[in-house]
Amino acid sequence: MSAPAPQPTPTTPESRFAVNEDWAATLLGLVLLGLVLIGAIPAGLVP
C-alpha cells in the first residue's frame, strides 16, 4: 500500500498563469489574421 498524497495547504503558492477562453479566442483570432495578411491562407478560404 502506498501512502496517500499530501494535501496542499491553503498557503501553498499556486501558478498565477492562466488563459481564459476570451484571451485564447483573441490570440487565435490574431494568429488567423496574421496568417491571412501574410498570405498563408488563400483568399478563397476567407469569406
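Helix α1, where helices are DSSP runs of H or I with at least four residues, has 18 residues and reaches 26 Å from its first C-alpha to its last, close to the 26 Å expected at 1.5 Å a residue, the expected span being 1.5 Å times one less than the number of residues. This is a predicted model, in which local features need pLDDT of at least 70, side-chain atom pairs count only at pLDDT 80 or more, and totals for chains, interfaces and linings use all residues. Residues are numbered from 1 along each chain as its sequence is written, and side-chain values use heavy atoms, with hydrogens and water left out.

Turning to the ends of the helix, N20 caps the N-terminal end of α1, with a side-chain oxygen 3.2 Å from the backbone nitrogen of D22, whereas after α1 comes G39, whose phi is positive, near 90°.

Within α1, which covers residues 21-38, L30 counts as exposed because its relative accessibility is 53%.

Notes: Helix = DSSP H or I, 4+ residues; strand = E, 2+ residues; numbered from the N terminus. Buried < 20%, exposed > 50% of the residue type's maximum accessible area, 1.4 Å probe, protein only. Polar contact = N/O pair within 3.5 Å; in protein donor to acceptor, adjacent residues only side chain to side chain.
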